[in-house]
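The text below goes through the disulfide and then the nonpolar cores.

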Amino acid sequence: MKTKLTFVALFLLTSCSKDLSPVPVTNVQHQEAMSVENLKLLRVKELFVVLFPKNYTVDEWKFIFDETKELSANKKRLRALEGMVDAESQDVRANLIGKNADLLTDLGNKSLFMMSWSASDENCKIKDSLKVVCRPSNSDNPLNGGLPKNLEPLSFEVPDPVRSDIKTPYLLMRLEQNDVSRGPWYRLDLRLKVESLSDDEKWFKGDVVPAKGSSFMGQDGAMATEFFPYGYSELTLSP
């Protein structure tokens with residue numbers, strides 16, 4: 001329990017940013033919990049999932065989440081630069097892309113499993129079925145983790161605060177890799193809370209919980225069936 005509380009406390013601490021205007025919790029609970037239909041036909045701009053092979057020390061966790069916070073902020077700045085073609089914007093974009101490549105490499109070295117894609121890598125949309133569909137999938141993307149499928153509709157969950165380890169409403173995205181020709185089976189529950197909302201962008205951050213029986217290919221090529229039970233996830237949607 002202490003390990004899990006430390007993980008959650010660090011996640012909450014490092015996911016906050018002064019330049020954001022998060023939606024009040026009351027709005028999220030009373031409005032977003034009933035508006036999953038409003039996500040139909042939105043495009044996945046960014047999706048990031050990372051799982052860890054073991055429990056780290058408090059200082060190590062803080063460093064990891066500082067890196068995810070920087071990566072997230074850099075992606076936000078890159079999205080703001082979309083469509084700008086002046087020399088200064090191009091220089092800033094190139095610098096941010098370089099920093100993100102370094103961050104992803106470092107996080108990858110600390111992770112058991114990492115999946116990262118953007119609209120430039122994958123054409124993924126939320127269909128009328130409320131499932132995320134990617135066509136065509138890009139099997140050559142080295143960071144897409146095998147591009148698992150979203151087999152169940154997205155939903156806003158209102159957990160029982162007594163029985164659940166998560167206390168506030170969240171968007172549930174369930175991803176599954178069930179093609180044995182592409183690697184081991186796993187299922188991931190992304191439990192995403194609203195970070196910020198606008199007409200142009202909906203931004204979610206949260207944890208990810210692998211289902212019992214999931215397995216992943218470690219960096220040493222060995223199959224891993226035991227790992228830290230919580231990871232980090234982030235989702236950005238746009239029209």
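A disulfide is taken here as a pair of cysteine sulfur atoms within 2.5 Å. This is a predicted model, in which local features need pLDDT of at least 70, side-chain atom pairs count only at pLDDT 80 or more, and totals for chains, interfaces and linings use all residues. Residues are numbered from 1 along each chain as its sequence is written, and side-chain values use heavy atoms, with hydrogens and water left out.

Searching the whole structure gives one disulfide. Cys124 and Cys134 form a disulfide with their sulfur atoms 2.1 Å apart. The torsion about the S-S bond of Cys124 and Cys134 is about 110°, so the disulfide is right-handed. Cys124 lies in strand S3 and Cys134 in strand S4 (residues 132-134), 10 residues apart; strands are DSSP runs of E, at least two residues, numbered from the N terminus. Cys124 has 0% relative accessibility and therefore counts as buried, where buried means under 20% relative accessible area with a 1.4 Å probe, protein chains only.

A nonpolar core is a set of buried Ala, Val, Leu, Ile, Met, Phe, Trp, Tyr and Cys residues joined through side-chain atoms within 4.5 Å. The largest has 33 residues, and Leu39, Leu188, Leu190 and Leu235 have the most contacts inside it. Among the elements that give two or more residues to this core are strands S1 (43-51), S7 (186-197) and S11 (231-238). S7 gives the most, with five residues.

Beyond its neighbours within four places in sequence, Leu235 is in contact (heavy atoms within 4.5 Å) with residues including Val44, Leu171, Leu192 and Trp203. A second, separate core has 15 residues, including Tyr56, Trp61, Leu107 and Tyr232.

Methods: Buried < 20%, exposed > 50% of the residue type's maximum accessible area, 1.4 Å probe, protein only. Helix = DSSP H or I, 4+ residues; strand = E, 2+ residues; numbered from the N terminus.
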